Structures are given as structure tokens and as C-alpha cells.
Amino acid sequence: MSSVLLTATAEGERLALAATGAWTAERAAELERIIDEAARRHKDALSVDIDLAKLERLDTFGAWLVERLKRAFIVRGSNARIIGLSDADRGLMDELQLVNRAPVQDRSTTNRILLALDSLGRGVAQIGWAFVLIAQLLGALTAAALGTIAHPRTLRLTSIVHHLERVGWRAVPIILLSTFMIGAILAQQGIFHFRTFGADVFVVDMVSILVLREVGVLIVCVMVAGRSGSAYTAEIGSMKMREEIDAVRTMGLDPIQVLVLPRIIALVIAVPLLTFIGSMAALYGAGLVCWLYGGMAPDIFLERLREAISLQTFAVGMIKAPFMALTIGLVACVEGFEVEGSAASLGLKTTASVVKSIFLVIALDGLFAMFFAGIGM
Amino acid sequence: MANSPPVISVRDLVVGFGEATVLDHATIDVFEGEILGFVGGSGAGKSVLMRAIIGLVPKRHGTIEVFGNDLAALNDRQRRSIEQRWGVLFQQGALFSSLTALQNVQFPIHEYLDLSPRLIKEIALAKLEMVGLSADVRGKYPAELSGGMIKRVALARALALDPDIVFLDEPTSGLDPIGAAEFDELIRTLQRTLGLSVFMVTHDLDSLHAVCDRIAVLSEGRVIAAGPIEAMLASEHPWLRSYFGGKRGRQVQGKVQAQLHP
């Protein structure tokens, strides 16, 4: 390993460099040090001969380093040449003489603060742009929906049913499980703290109002955004990457009508149903905990439930569900259409889809809370 | 050429998926410094054979030797050192979409060799220039490149570590005839300069004629013939006759005749 790779013999201003051994990729790191060292040490040499006659092997890495050594001398005005080149290596050396001639431009160094401000500005502009895109898609979706109402035969029923199965039916087990647990946890916490001032029975009020008005629909939307919103973005995004969306368009079809409308209709149908199922599961979990942990008999729980909630409580949750579904669907599809050529962009947009839709669902929930408070519901 | 031991030697290879047997006792050799063109009908298993050699598809039976080493008998470290000595050009290029052209070529060098960033960059740029790409391509992402450029970048990446063997899966498919001819020429030049052995799956009769030293034919899971193009054209085998005897095949035949009897 420590065999000599380059020997230098200097006679006055003449320098003879003889390369020996294997100048290949495996030893390229070592070779680079050697040639840099040689170029530095003999910087006064006026005429340099690089003799390759004793080389055992030469590959592109070695050949490039020979070329780089030669150029290092030429740049200083010395006269450097390569001698003793075998016929087998001549083609390679000739090829490498031509490469890396163009000057490598340095990356422009700009002010760090300016860069930070620049990226901040772009970020803010992007947030605004995201809303524009959502509004745009909402408009296109409305147009497509109106077109479908005018020509009901263009409605893609098979597609809707397919998506309904995926985002609705197949989501039932996980929604049941998670909302059941949320209900149980809320009840347990309520009992634990309310008991200290003897208000056990109000746990039912708290859990039922919370679940029916807010938590049920929010949990379902978070699950749906993570489960189905991400799938929509990834599907539409990879279809865009593989020009499938262009193909749809060139066939004279509207991608919004073919791809987006069925997906969003499926979501708008599925999310209220899942919200209903989820709320019931949460109440069931709460009842079970009240009975087993809080010692409240099921009939007392039901009695209290009847007094605590009204149809209005239930309606508040259910009214919100389709709007949240629409938000999730719109964000997911917008992000899908924003995907560009690379795998990284697909990942980025899928993440953005989930994060944005969950955030917007929460923001929308806040708006609804203000609205319902305003109309006294 | 045929006297030296083969760099790749496949014996009685059987590969199948589920019920279907794609390769049924296929046997083939690739010799040092030659370009072997590998032809066969669509779905005959050409790509499967290539993928079996490079280890992407499991085999059911048979031996695959590369540089005289039985691939099945190697441990991970030995296998990696063999893998360093071959480069693969996939049919669609398979460039990493989140890396620029230059980064794609740098990637294997960076992974396998412990070199200074400057040298890695210089070598990668040299490879890009050797495949005939101009400097403005280096910073572009694969999505911004044309089909021909993608193939060239992918070839540069396949050559990044100075391999001894290069596998090319339909290198000229999707290129226009001029681009395909240039690419053939490029493969020929690089093969000579770098002393490569090339295993080329192809459908392009012009490529077969222009650059291949030998041709192997896969049909019904077996390699039914291997030899120079003249031998293929002279063969009586019905599949070969229809492959080379079709309208496109006759044009190639004409070229060979013209070369033999100018």
C-alpha cells in the first residue's frame, strides 16, 4: 500500500516526474495529496516531463490526476508534457485533456440576513398563494359540479363508490377505536377531577357536549386528513409526475371532473357518517368508563345524557363535518396538482397536505364556534 | 478475445415468478472487452436475465459467475466489491429525482470512495463531459432534462466508479434515430477508451449492427444462439429468420452485405 506512486528527479529547472504503480480510484485520495504536494514543491520548474511508462494501471481517476498535475504546471507558465504513454491509455488521456476546461463559477456570496428575509418573504407569499389556489380549485370544482348537475350522466358513480369505500368504509375500524379511546379518556379524567368536589354526574354533561360538538368531528377530520388526504395528494401527485393528468386533459376530459370531484364528493359523504359513528363510539367509551371506573350505572348515564344534550348539540357537530371534509379534500387535491418532477417534491407536498388540512380544519372549527355562539346555538 | 476467461458466465439459470418460468436453463458468457448485444422478443426475459445477474431478481437454479466469482458464494463485503466494478444503465435512466445531474454522478463516488470534495466534483464533471453533456446540464434536475440527456447522465453515473462491466438496458429506446446513432457511437468510444465489457439489452437493429461484437438471442427462456451478426443473419432458426428477415432486419442485412462485398 505504501509503494511509491510518484518519484521526482530535478535537474536545475528541468523536472522529471515518473509515475509508478496503479493510478486508480482506490488510491485516488492518496494520489491527490501526492500531486498537490509535487506541484507545490517544484513550483520553480520550467520544464516538466510526466513519465507514465512505468504505470501498471490507469483509470479515469488516475488519468484526471495526471492531467490536473500537468495543468498545475502549465498555469504557472511552465512547459509540461506527458511522455511514455501506452497505446491503451492514450485514448483515455486524450479524452481527459478536453474536460473541465470551462471555469467553475463560484457560488455568489450574498448577505445572510438578506437570504433569511428573502426566504421569509417567499414563505409569506406562498401562504397567500395557497389560499388563492384553494379558491381557484373551489371555483373549478363548483363549475364541474354545476356541469354535472346539468348533465347527470357525466357523474362518475363508480369512482365515487370506489373512493367512498376507501375513505369511508375502510376507515371505520380505526375511527371507532380512536374515538372510543378518546371518549373513555375524557370520562376518566373528568371523573378523577370532578369527584374531588362531588360533581361526578356532570362528567356526562362534559363528555357528551365536548364529543358531540367538537372532539368527535375534530378527531375524525384529523384521522381522515392523515389517512385519505395524504393518499389523495400522493395519487394526484404521482399521476401528475407521470403525465397521466396531461393524458386525461388531451382526451378532452376535465381532470377536475374526473379526478377531483369524485374524491371530494366521497369525502363529503364519508366524513359526516364517520363523525356520527365516531361520536357514538366516544359516548360508548365514556359510558363504559363511567360504569366500570366511576361506578355510575348505565341507566343513570343514559338518563343524565338525555338531560345534558339536545338535538342541537348533535347538529352543531354534524353541520361542521361536510365543510371540514371539503377543506381536507380541496387542500389534498391542490397540493397534489402542485407536485413537480421529483420524488422529494411528492413527499414535501404530501406532508404539506396533511399539515395544512389539519390546521385549516382547526381554524374552521374556531370560526364555526364563533358563528354558533353568535346565533346562540 | 474468446480465449480469455469470460467476465460474466451464466450457467443453466432458471428464474421464475410464481407459476411462470421466465428463464429456463439459460446459459451465456460475456468476454472481456466485448460489447454483447442481447436480443429477444418483448417479454422474453432479457431484462430479467440482466436483473438476475446484477442480483435484483432471485434465481431458482444455476450459477452466475462474475470475474470468476460465484455470486451466490460471496459474503456481503466481497459482493460489494464486485458491485463496485459494474455499472448499470436502467431503461428509464433511474436517476435520483431529488438530486441534480452532477449530484447523481457524484453519488456513487461519494459513497464508495473517500475523496476530497474537489476531486469528486472534478471527476463527476469529467464523466459528464465524456458522455457529451455541456456544462449547463450539471445543475439541472432530472425532471428538467430531455430523454436523451437523462440517458447520458445515467450513463455517466453508471461509469462513475470506472467499472469493468457496464449493463445497458435498452440504451437507445426512446431516442430519435440520430440521437440513437450518437449514443451508439458514444458507447463504442467509451468502451474503447475505458476498456469496458458491455452487456447491452437492445431491440435496436442499428445498434446491433453498429456497435455489437457479438449477439446473443433469447427465446422461450433459453439463449438459442450467440455469435457475430453475420452468423445471426445466416442462421436457419425460424425466430432469428423472422427477427432479422423482417423489413427492418433486411436493411441491416444490406449494410452487412455492403461491408463484406464493397
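**Close-up views of a predicted two-chain model**

**View 1. Helices α7 and α9 of chain A cross in a right-handed sense.** In this view, α7(A) passes α9(A) in a right-handed crossing. The structure shown here and in every other view is a predicted model. Helix α7 of chain A covers residues 202–241, and helix α9 of chain A covers residues 255–292. Their axes come within 8 Å and cross at roughly 145°. The contact of α7(A) with α9(A) is made up of 21 nonpolar, 6 polar and 1 charged residues. A pair of packed helices is described by the angle between the axes and the distance between them.

**View 2. Strands β1 and β2 of chain A form a hairpin.** Strand β1 of chain A, residues 6–11, pairs with β2(A) in the antiparallel sense over 6 bridges. Within this pairing, Leu6(A) stands opposite Ala19(A) of β2(A). The hairpin formed by β1(A) and β2(A) has 2 residues between its strands. Gly12(A), in the turn, has a positive phi of about 65°.

**View 3. Strand β2 of chain A has a covered and an uncovered face.** In a regular strand, side chains alternate between the two faces of the sheet. Strand β2 of chain A comprises residues 14–19. Its covered face holds Leu15(A), Leu17(A) and Ala19(A), whereas Arg14(A), Ala16(A) and Ala18(A) belong to the uncovered face. β2(A) is also joined by 5 bridges to strand β4 of chain A, residues 47–51, and these two strands run parallel. Arg14(A) has Ser47(A) as its bridge partner in β4(A).

**View 4. Four strands of chain B form an open sheet.** The order of the strands in chain B is β2-β1-β4-β5, and the pairing is antiparallel. Which strands stand at the edges? They are β2 (20–30) and β5 (69–70) of chain B; each has a single partner strand, so one side of each is left without a neighbour in the sheet. Strand β4 of chain B, residues 61–66, pairs with β5(B) over 2 bridges in the antiparallel sense. Here the bridge partner of Glu65(B) is Asp70(B) in β5(B). Helix α1 of chain B, residues 46–53, lies across β1 (8–17), β2 and β4 of chain B. This helix runs at about 115° to β1(B).

View 5. Asp12(B) is found in strand β1 of chain B. Although Asp12(B) is not a glycine, its phi is positive, about 50°. Phe67(B) lies in the loop between β4 and β5 of chain B. This residue, also other than glycine, has a positive phi near 50°. Are these two residues buried or partly exposed? Asp12(B) is partly exposed, with 14 other C-beta atoms within 10 Å. Phe67(B) counts as partly exposed as well, with 17 C-beta neighbours inside 10 Å.

**View 6. Leu128(B) belongs to the largest nonpolar core.** This core has 110 residues, of which Leu128(B), Val153(B), Val166(B) and Phe199(B) touch the most other members. Apart from residues up to four places away in sequence, Leu128(B) touches Ala101(B), Leu102(B), Val105(B), Leu133(B), Val137(B), Arg138(B) and Ala156(B). A second, separate core of 58 residues includes Val167(A), Ile182(A), Leu283(A) and Leu330(A). Nonpolar side chains tend to be buried together in soluble globular proteins.

**View 7. Chain B touches chain A.** How many residues of each chain are in contact? There are 23 residues of chain B in contact with 22 residues of chain A. On the side of chain B that touches chain A, α4 (117–130) and α6 (177–194) of chain B each supply at least two residues. The largest share of that side, 7 residues, comes from α4(B). By class, the side of chain B that touches chain A has 13 nonpolar, 5 polar and 5 charged residues.

**View 8. The two chains contain both helices and strands.** Chain A has 12 helices and 6 strands, and chain B has 10 helices and 10 strands. Buried residues make up 36% of the 377 residues in chain A. In chain B, 44% of the 262 residues count as buried.

Terms used
Residues are numbered from 1 along each chain as its sequence is written. Chains are lettered from A and ligands numbered from 1 in the order in which they are written. This is a predicted model: local features need pLDDT of at least 70, side-chain atom pairs count only at pLDDT 80 or more; totals for chains, interfaces and linings use all residues. Two residues are in contact if their C-beta atoms, placed from the backbone, lie within 7 Å. Ala, Val, Leu, Ile, Met, Phe, Trp, Tyr, Cys and Pro count as nonpolar, Asp, Glu, Lys and Arg as charged, and the others, Gly among them, as polar. A residue is buried if 20 or more other C-beta atoms lie within 10 Å of its own, exposed if 12 or fewer, and partly exposed in between; C-beta atoms are placed from the backbone. Two strands pair if DSSP finds at least two bridges between them. A nonpolar core is a set of buried Ala, Val, Leu, Ile, Met, Phe, Trp, Tyr and Cys residues joined through C-beta atoms within 7 Å. Axes are lines fitted to C-alpha atoms, for helices over the stretch in contact, and angles run from 0 to 180 degrees between N-to-C directions. A crossing is left-handed if the near helix is turned anticlockwise from the far one by less than a right angle, and right-handed if clockwise.
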